[in-house]
Structures are given as structure tokens and as C-alpha cells.
Amino acid sequence: MPSDSIEAEGARRRLHDALRAVRSADRQVPCEVTPQLWTSNIRSEREAAGYRCRSCPVRVQCVEASEFERVGVWGGKVRAAGSLEW
């Protein structure tokens, strides 16, 4: 298994564990409330999602996992077709 796959799996596992901890405390992360914003093709909706990430309790883990994703909003970062913007 290539090292980037191992790193990606580790990042995803840490994000998953952090999400589980939040849910066990009966809390939600912003992307669970309005998930369509995080994968929208409309720039203003992606920007709104990124703004909501600021208060997310798993933002650090999400940013880490974003390094291995191709599209969507991850921890406030917008990934679209290989590009990255804040």
C-alpha cells in the first residue's frame, strides 16, 4: 500500500473518530445540518459552507483529511477539480 494511501486512511480515521465523539455528545457539525452546501457547484454556497466551518469542533481533523480529497469544502478549504482556495 503506498504511503499516501496509508496517510489518507489515517486522516480519514481521525476525522471519523472526531465526528463520533461530537455525535456522542449529542452535538452536530455544520456539514450535517446543511450538507448540500459542502458539495455545491455554486461558489456562494461553497463560501457559506466554508464560513460555517469556522466554528466546527472537528475542523482540524477535516483540514487534515482534505489533503486527500478532490472536491468539496473541507474544514473551510474549497477543493474543486484539483484547485484549492480558502
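Contact here means heavy atoms within 4.5 Å. Keep that in mind for what follows.

This is a predicted model, where local features need pLDDT of at least 70, side-chain atom pairs count only at pLDDT 80 or more, and totals for chains, interfaces and linings use all residues. Residues are numbered from 1 along each chain as its sequence is written, and side-chain values use heavy atoms, with hydrogens and water left out.

Start with the layout. The protein chain has four helices and three strands. Helices (H or I, at least four residues) and strands (E, at least two) are DSSP runs, numbered from the N terminus. Along the sequence, the pattern reads α-α-α-α-β-β-β. Of the 86 residues of the chain, 34% count as buried. Buried is under 20% relative accessible area, exposed is over 50%, and partly exposed is in between, with a 1.4 Å probe and protein chains only. Now take the contacts in the chain with a separation of 6 or more: residues 24 or more positions apart account for 40% of them.

Next, the cores. A nonpolar core is a set of buried Ala, Val, Leu, Ile, Met, Phe, Trp, Tyr and Cys residues, joined through side-chain atoms within 4.5 Å. The largest one has 10 residues: Ala11, Leu15, Ala18, Leu19, Val22, Val29, Cys56, Val58, Cys62 and Ala65. Two elements give two or more residues to this core, helix H1 (3–24) and helix H4 (59–66). H1 gives the most, with five residues. Look at Ala65: leaving out residues up to four places away in sequence, Ala65 touches Ala11 and Leu15. There is also a second, separate core of six residues, including Leu37, Ala49, Cys53 and Val78.

Now H4 itself. Which residues of H4 are buried? Cys62, Ala65 and Ser66 are. Down the axis of H4, these buried residues fall within an arc of 105 degrees, so they line one face of the helix. The arc is that of the directions from the helix axis to the C-beta atoms. The background is simple: an α-helix has 3.6 residues a turn, so residues three or four places apart point the same way.

Stay with Ser66. Ser66 sits in H4, and its relative accessible area is 0%. Which residues does Ser66 contact, leaving aside neighbours within four places in sequence? Trp74, Lys77 and Arg79.

That takes us to Trp74, which lies in strand S1. With the residues up to four places away in sequence not counted, Trp74 touches Leu15, Cys62, Val63, Ser66 and Glu69. From Trp74 to Val60, C-alpha to C-alpha, is 9.7 Å, and the two are 14 residues apart in sequence.

H3 next. Arg46, Ala49, Gly50 and Cys53 are buried in H3. Seen down the H3 axis, its buried residues fall within an arc of 100 degrees, so they line one face here too. They pack against H4, S1 and strand S2 (77–80).

On to the pocket. On a 1 Å grid over the protein atoms alone, a cavity is a set of points where a 1.4 Å probe fits but cannot get out, and a pocket is an open set with protein on both sides within 12 Å along at least five of seven lines; lining residues have an atom within 4 Å of a point. The largest pocket holds about 240 Å³ of space. Grid points are joined across faces, edges and corners, and the volume is the space filled by probe spheres set on the points. Of the 19 lining residues, Cys31, Trp38, Cys62, Val73 and Trp74 are the closest to the centre. H1, helix H2 (30–33), H4 and strand S1 (72–74) each supply at least two lining residues.

Thr34 is in the loop between H2 and helix H3 (43–53). Thr34 is buried, at 17% relative accessibility. The C-alpha atoms of Thr34 and Ala49 are 8.5 Å apart.

Phe68 is in the loop between H4 and S1. At 23% relative accessibility, Phe68 is partly exposed. Setting aside neighbours within four places in sequence, Phe68 contacts Asp4, Glu7, Ala8, Ala11 and Arg12.

Last, Asp26, in the loop between H1 and H2. Buried or exposed? Exposed, at 74% relative accessibility. Most residues other than glycine have a negative phi. Asp26 is not a glycine, yet has a positive phi of about 55 degrees.
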